[in-house]
Amino acid sequence: MKIIHQYSTATEAVDNIFNQAITLRASDIHIDPESEYIHIRLRIDGFMEDGGLISRSLHDELIARLKILSGARTDIHAVPQDGRWRNNIHGSPYNIRISFMPTYHGENAVIRLLPAEVSSGVSFASLGFIPDHVRLIDNALKKDHGLILVTGPTGSGKTTTLHGCLSLKVGQPISIITLEDPVEYEIPGVRQIHIHQHHGVNFATGLRSALRQDPDVIMVGEIRDQETARVAIHTALTGHLVLSTLHTNSALDAIPRLIDMGVDPYLLASTLSLVIAQRLVRNICEKCNSDGCEYCRYIGYIGRSSIAEIFEVDQGMRELITRKEPVSAYYEYARSCGFRTMFDDGMEKVEWGVTTESEILDALHS
C-alpha cells in the first residue's frame with residue numbers, strides 16, 4: 001500500500017520531497033501526475049522506488065513552485081521546458097536540473113540531484129577501480145597529449161569517472177577547459193562551458209573555439225558525430241590532452257566506432273591513449289550481507305561501484321589500428337597483454353563479496 005503524504009502548501013511538499021530524496025541517496029526524483037494523486041518516485045542506486053502519493057489538488061501549485069525555483073516559465077504548460085538551480089539540502093550544496101513535460105494528466109517533472117562540487121581528492125579505488133586500472137589511468141593522465149575515452153551506456157558512471165580524471169589535473173600549472181551539455185558538476189579552477197545547441201554551439205564548434213583559449217587539457221562531454229570526432233583527434237594530435245565519452249558496449253569497440261565516424265586509422269593510432277569501459281553494479285549491504293535489514297531498507301544492497309575494462313594503446317595496438325584489423329584481432333592482442341574484460345572484473349568482485357553474480361549479468365546484458 002502506497003504512503004499518502006499530507007502537505008498544506010507546495011513549498012512544504014517540495015522541501016519534504018527533497019529531504020526524503022537526499023536521505024535515501026536518490027539521484028533522480030520523478031513527480032508524475034495521475035488521475036487522483038501525484039505519484040512520487042525516486043531512482044536509488046539505479047532502480048526506481050516508490051516515494052508515496054500527494055493529493056492531486058496540489059499539482060498546479062507544486063509545478064509552479066518548481067518552475068519558479070528553476071527559472072522556467074510558469075505561463076507555459078503545453079510544451080517541454082528545462083530549468084536548473086542550486087540549493088543547500090541537509091547542509092550540502094546541490095546543482096538541481098529539472099525537466100517539465102506535458103502528459104495526459106498534466107505536467108510532470110523529473111529532477112536530477114547532483115553534488116555541486118567534485119572533490120579534488122577523488123579516489124578511483126572508492127569508485128570500484130582495481131589497482132591495475134588506477135595505475136593505467138594515472139599513467140595516461142601524466143601525458144601532456146593524447147585522447148582518453150570513457151565508454152558505456154547512459155547511467156554507467158561515465159561522467160563521474162571523467163570528472164574524477166579532471167579533478168586529478170586541477171591544481172597543476174595548466175589550463176583546463178570543459179565543453180558539457182549540460183554542466184553537471186562544478187570543478188573549481190576549471191573553465192566549464194555549457195553547450196547551447198539551439199544557439200548553434202555544438203561540441204565541434206565549441207571545441208574549435210576552445211582551442212583559441214590556450215588550453216592544455218580539454219574535456220568534451222561526448223563524441224557523438226563525425227565532425228566532433230575529427231576535431232577531437234586533431235586537438236589531441238596538436239599537443240593537447242583530450243578527455244571525452246563515447247557510446248560503445250566495450251572498450252575495444254571504441255576503435256571501429258571512431259573509424260566508422262570517419263577518423264583516419266593512422267591518426268587514431270597516433271592519438272588514442274586509453275579507453276575505459278564501465279558499468280555500475282549495486283554493492284552488497286555490509287550490515288546484513290544481502291539478507292535485508294533496516295540499513296539497506298531490506299533490499300540487500302546499498303550504494304554502487306563500477307566494473308570496468310581498460311586498455312592502454314601501445315605500439316602493438318597502434319599497428320593493428322593502422323591496418324584496420326577486425327575487433328577480434330584487438331581482443332586477441334589485448335588478452336595477450338593481460339587485458340581483463342568487464343565480466344572478469346565483475347566476477348572477481350563477486351569473489352571478494354562486493355556484489356553478486358546477478359548484478360554483473362544484469363549490468364552487462366540489460
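This is a predicted model: local features need pLDDT of at least 70, side-chain atom pairs count only at pLDDT 80 or more; totals for chains, interfaces and linings use all residues.
Trainee: What is the strand order in the open sheet of seven strands?

Mentor: The order is S1-S4-S3-S2-S7-S6-S5, and the pairing is mixed.

Trainee: Which strands stand at the edges?

Mentor: Strand S1 (4-5) and strand S5 (81-89). Each has a single partner strand, so one side of each has no neighbour in the sheet.

Trainee: What holds paired strands together in general?

Mentor: Strands of a sheet pair through backbone hydrogen bonds, in either a parallel or an antiparallel way.

Trainee: Back to S1, then. Is its pairing with S4 parallel or antiparallel?

Mentor: Parallel: S1 and strand S4 (residues 47-55) pair over two bridges. Ile 4 stands opposite Leu 53 in S4.

Trainee: And S2 with S3, parallel or antiparallel?

Mentor: S2 and S3 run antiparallel, and seven bridges join them. A hairpin of three residues leads from S2 to S3.

Trainee: How many bridges join S2 to S7?

Mentor: Four, and S2 and S7 also run antiparallel. In S7, Arg 112 is the bridge partner of Asp 28.

Trainee: How many residues of S2 are buried?

Mentor: Seven of its eight residues are buried, so S2 counts as mostly covered.

Trainee: Which helix lies across S2?

Mentor: Helix H2 (residues 59-70) lies across strand S2 (26-33). H2 also lies across strand S3 (37-44), S4, S5, strand S6 (92-103) and strand S7 (106-115). Its angle to S7 is about 40°.

Trainee: New topic. Where does Thr 161 lie?

Mentor: Thr 161 is in helix H4 (residues 158-169).

Trainee: Buried or exposed?

Mentor: Thr 161 is buried. Its relative accessible area is 2%, and the cut-off for buried is under 20%.

Trainee: What does Thr 161 touch?

Mentor: Leaving out residues up to four places away in sequence, Thr 161 touches Phe 124, Phe 129, Val 150, Ile 276 and Gln 278. With Gln 278 there is also a polar contact of 2.7 Å between the two side chains.

Trainee: Two of those are Phe. How are the rings of Phe 124 and Phe 129 placed?

Mentor: The structure holds three aromatic pairs. In the pair of Phe 124 and Phe 129, the ring centres are 5.7 Å apart and the planes are at 80°, so the pair is edge-to-face. Planes over 60 degrees apart count that way.

Trainee: How are the rings of Tyr 331 and Phe 339 placed?

Mentor: Their centres are 6.2 Å apart and their planes are at 70°, so this pair is edge-to-face. Phe 339 is buried, with a relative accessible area of 7%, whereas Tyr 331 counts as partly exposed at 25%.

Trainee: Last one: which residue lies over the face of Phe 47?

Mentor: Arg 282, at 4.0 Å from the ring centre. Elsewhere, the charged end of Lys 287 sits over the ring of Tyr 295, 5.3 Å from its centre.

Notes. Residues are numbered from 1 along each chain as its sequence is written. Side-chain values use heavy atoms; hydrogens and water are left out. Two strands pair if DSSP finds at least two bridges between them. Contact means heavy atoms within 4.5 Å. Axes are lines fitted to C-alpha atoms, for helices over the stretch in contact, and angles run from 0 to 180 degrees between N-to-C directions. Buried means under 20% relative accessible area, exposed over 50%, partly exposed in between (1.4 Å probe, protein chains only). A polar contact is a pair of N or O atoms within 3.5 Å; within protein, one must be able to donate a hydrogen and the other to accept it, and residues adjacent in sequence count only if both atoms are side-chain atoms. Rings of Phe, Tyr and Trp (its six-membered ring) pair if their centres lie within 6.5 Å; planes under 30 degrees apart count as stacked, over 60 as edge-to-face and the rest as tilted. A charge sits over a ring if NZ of Lys or CZ of Arg is within 6 Å of the ring centre and within 35 degrees of the ring normal.
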